[in-house]
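Reader: I'd like to walk through a model with you, one feature at a time. Could you give me the general idea first and then the case at hand?

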Amino acid sequence: MRIEHLEIFRVGMSLHTPFEASSHGAKELNHLIFRAEANGLVGWGECCAPNDPYYMGETWGTCWHILRDFLVPMVVGKDFADGDAFNALMARVKGNNFAKAGLEMVALDLLSQEAGQPLARYIGGTLKKIASGVSLGMQRDKGKLLDIVGRYVDEGYRRVKLKIMPGFDFEPLSWVRERWPDLPIMADANSAYTLADAAHLKKFDGLDLMMIEQPLAWNDIVEHAALQKMIATPVCLDESIRDAADAARAVSEKACGTINIKAPRVGGLIEAKRIQEVMREAQLPVWCGGMHEYGIGRAAAVALCSLPGFTLPGDISGSDKYFNEDIVDPPIVAVRGEITVPDTPGLGWQPDEERIRARIRDQMAFGTAT
Ligand code: MG
């Protein structure tokens, strides 16, 4: 396989509901969409880096630079037989995982099409349907929060995740717990606390949460291990896990009970799968978080969720949770809290080129058009 021509579009989309987490918020998104021609096939990918460096450090702007000046010249016109070989072409570049993950998605879409397999099967996925959860930005009004949660519960979503921060944590979680005594609920702090808050976080044990996600520093493992010893609620690591080596460290330190695996954060689906294997060996469950992916990135996330170790419902909801109109047609749909894994070759959802081109804010092209 060889990518002869690659276009990268910065595509603007608006969330129909603005999103607020402790570390970052969003309304307007600028994801980079990749369109590649190779061996008579067209492959697609998405880089879903945020606008600002408040989650992991990368932004769409840093990705644009690293792709243009380093990663794309390393891969266009080069032969690769599988995903590992493709990633080896980019190995000299350290970090920059969102940028790498977007390019890897293109390669895996092309390879799975060539193999005549759905992307999910190509990477080893076995599940035919994935359980879908929702992640809710902070909503400070009690009535509104309960209305929003109620709507998703009625739609059949399997669990609800609330973003929290100091001053907006125990109380809203209690509102939801009181209303739905049996609902799987989890909290995501996006690094908003320190170990000095351990006694406060210990109070959450009474709320029967599935987990508390990334309570402490974005790059910490050791203090999370100390916190996990003090609280019964399982700690979930998100930002702290950038690759399988981080996951192995977290397991050996007993820093968490689960990991939220996002392919964009860890450099792509192949590294995401390695993290899942580390956790499976440790007999710990994993699940898949989201980055407000458009339909292309969301399709790749569905493929990731189909791997056998993804036993907890993820953040991968239907397109309508975020967008009035997605860039894949038909959109990704969750029915009674489940998304059906496609059985057609490649990503399984068709990018709508007209919709994509109508939303382009900037673009660049590499290689030779065929
Ligand atoms: Mg998180």
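Predicted model: local features only at pLDDT ≥ 70, side-chain atom pairs only at ≥ 80, totals over all residues.

Reader: Let's begin with the layout. Into which domains is the chain divided?

Author: There's domain 1 (5–116 + 352–367) and domain 2 (121–340). Taken over C-alpha atoms, their centres are separated by 23 Å. The contact between them takes 41 residues from domain 1 and 45 residues from domain 2.

Reader: And the interior? Which residues have the most contacts inside the largest nonpolar core?

Author: The general idea first: in soluble globular proteins, nonpolar side chains tend to be buried together. Here the largest nonpolar core has 123 residues, and Ile-3, Ile-8, Leu-67 and Leu-103 have the most contacts inside it. Helix 3 (residues 97–114) gives the most to this core, with 9 residues. Domain 1 and domain 2 each supply at least three residues to this core.

Reader: Take Leu-103 as an example. What does Leu-103 touch, not counting residues up to four places away in sequence?

Author: Its partners are Leu-6, Phe-34, Leu-67, Leu-71, Val-72, Val-75, Phe-86 and Met-90. Keep Phe-86 in mind for the next stop, the aromatic pairs.

Reader: How should I read those, and how many aromatic pairs does a search of the whole structure find?

Author: A pair of aromatic rings is described by the distance of the centres and the angle of the planes. The search finds 6 aromatic pairs. In one of them, the rings of Phe-80 and Phe-86 have centres 4.9 Å apart and planes at 70 degrees; planes over 60 degrees apart count as edge-to-face, so that's what this pair is. Phe-80 and Phe-86 are both buried.

Reader: What is the geometry of the aromatic pair formed by Tyr-322 and Phe-323?

Author: That pair is tilted, at 6.1 Å centre to centre with 50 degrees between the planes. Buried means under 20% relative accessible area, so Tyr-322 at 8% is buried. Phe-323 counts as buried too, at 3% relative accessibility. Ring pairs also bring in Tyr-294, which joins Tyr-322 and Phe-323 in a cluster.

Reader: Rings can also face charges. Where does the charged end of Arg-10 sit?

Author: Over the ring of Trp-60, 4.1 Å from its centre. Lys-203 gives another case: its charged end sits over the ring of Phe-170, 5.2 Å from the ring centre.

Reader: On to the metal. What are the protein donors of the magnesium ion?

Author: The donors here are Asp-188 (OD), Glu-213 (OE) and Asp-238 (OD), lying 2.2 to 2.3 Å from the magnesium ion. In sequence the donor residues are spaced D-x24-E-x24-D. Glu-213 in strand 8 (residues 212–213) and Asp-238 are 25 residues apart, a pair that links distant parts of the chain. Asp-238 belongs to the loop between strand 9 (235–237) and helix 9 (244–252). Glu-213 and Asp-238 are both buried.

Reader: Now the backbone. Which residues have a positive phi although they are not glycines?

Author: Most residues other than glycine have a negative phi, and most peptide bonds are trans. Asn-190 has a positive phi of about 45 degrees, and Ser-191 has one of about 70 degrees. Asn-190 is found in the loop between strand 7 (185–188) and helix 7 (198–202), and Ser-191 is found in the loop between strand 7 and helix 7 as well. Asn-190 is buried, with a relative accessible area of 3%, whereas Ser-191 counts as partly exposed at 22%.

Reader: Which residues does a cis peptide bond join?

Author: Asp-329 and Pro-330, with omega at about 0 degrees. Pro-330 lies in the loop between helix 12 (295–305) and strand 12 (338–340).

Reader: Let's finish in helix 12 with Cys-305. Is Cys-305 buried or exposed?

Author: Cys-305 is buried, with a relative accessible area of 5%. Leaving aside neighbours within four places in sequence, Cys-305 is in contact with Leu-127, Ile-130, Cys-288, Phe-310 and Ile-316. Sequence distance and spatial distance can be read side by side here: Cys-305 and Ala-120 are 185 residues apart in sequence and 8.4 Å apart in space, C-alpha to C-alpha.

Methods
Residues numbered from 1 in each chain as written. Heavy atoms only, no water. Donors = N, O, S within 2.8 Å, 3.2 Å for Na, K, Ca; no water. Helix = DSSP H or I, 4+ residues; strand = E, 2+ residues; numbered from the N terminus. Buried < 20%, exposed > 50% of the residue type's maximum accessible area, 1.4 Å probe, protein only. Phe/Tyr/Trp six-rings, centres within 6.5 Å; stacked < 30°, edge-to-face > 60°. Lys NZ or Arg CZ within 6 Å of the ring centre and 35° of its normal. Core = buried A, V, L, I, M, F, W, Y, C linked by side-chain atoms within 4.5 Å. Domains from an automatic or database assignment. Contact = heavy atoms within 4.5 Å.
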